[in-house]
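Subject: Structure handover, salt bridges

Hello,

Here is the structure I said I would pass on. Please look through it before reading the notes below.

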Amino acid sequence: MQSILITGANRGIGFELTRQFLQQGDAHIFATCRAPQQAEALHELAQEYAGRVTVLQLDVNDEASISAAVKAVAAKADALDLLINNAGIGGGEGGRIMGQLTATEVSRVIGTNAVAPLILTQACCDLLKKGDNPRVVMISSGMGSLQRAGGSSYAYRMSKAAMNMAARVLAFDSAMTGITTIAVNPGWVRTDMGGPSASLAPEFSARSLLRLIKGLSTTDNGKFFQYDGSELPW
């Protein structure tokens, strides 16, 4: 049975990934979120799949929280087969529109969406090295593509471009030898962040992502994928 850590597992894509991995019956999920006491749906899922879900508190912006969560994983599992860095934020007006940008808001979004997953990956590295076909999946965005960049949404676009660079550098880092690292665009999904007008249901996006993740091999290391498995331009 595979051991999988998913950040932001309390809602949206993270919750759907957790649910669908559990439905397939071949994984123990370490489902993390910032406020587990408020994650009612996640706890219901943990009850439904008793013994196969560990709900953990994890604030990805807090290194002490990261350390505590990784220690909790290590206490239950000898290895980690998959890390899905899904937690992220869109940011407020101070990160979106020229004339309203603030250094505080831009830095906050970049810190959460790019710096935090890199630090978590570093903390999980030793467990991943012991895993079976270990993989790190950065849930990125098409808005992080330099070639496809448009206007506005400065902080979010910058954060996802930085996340993509982190994935690319991790793929070539000797400290990560044997671990496949990719970035993937889940599509425009109807979540709290994506909004009700988005084109994809979370169930569809997660199902497509699962298919892609399960098929990953070392030959995919350092690539940027669309949810359907096609490659995206950096």
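The notes below cover the salt bridges.

This is a predicted model, in which local features need pLDDT of at least 70 and side-chain atom pairs count only at pLDDT 80 or more, while totals for chains, interfaces and linings use all residues. Residues are numbered from 1 along each chain as its sequence is written, and side-chain values use heavy atoms, with hydrogens and water left out.

Side chains of opposite charge can pair when their charged atoms come close. A salt bridge here is a side-chain nitrogen of Lys or Arg within 4 Å of a carboxyl oxygen of Asp or Glu. The count by this rule is six salt bridges.

One of them pairs aspartate 26 with lysine 214, with 2.7 Å between the closest N and O atoms. Aspartate 26 sits in the loop between α1 (12-24) and β2 (27-33) and lysine 214 in helix α6 (residues 202-214), so this pair ties together parts that are 188 residues apart in sequence. Helices (H or I, at least four residues) and strands (E, at least two) are DSSP runs, numbered from the N terminus.

Aspartate 26 is partly exposed at 30% relative accessibility, and lysine 214 is partly exposed at 37%. Partly exposed lies between buried (under 20% relative accessible area) and exposed (over 50%), using a 1.4 Å probe and protein chains only.

Another salt bridge links arginine 96 and glutamate 93, whose closest N and O atoms are 3.0 Å apart.

Lysine 223 pairs with glutamate 231 at 3.8 Å between the closest N and O atoms. Shared partners join Asp220, Lys223 and Glu231 into one network of salt bridges.

Regards
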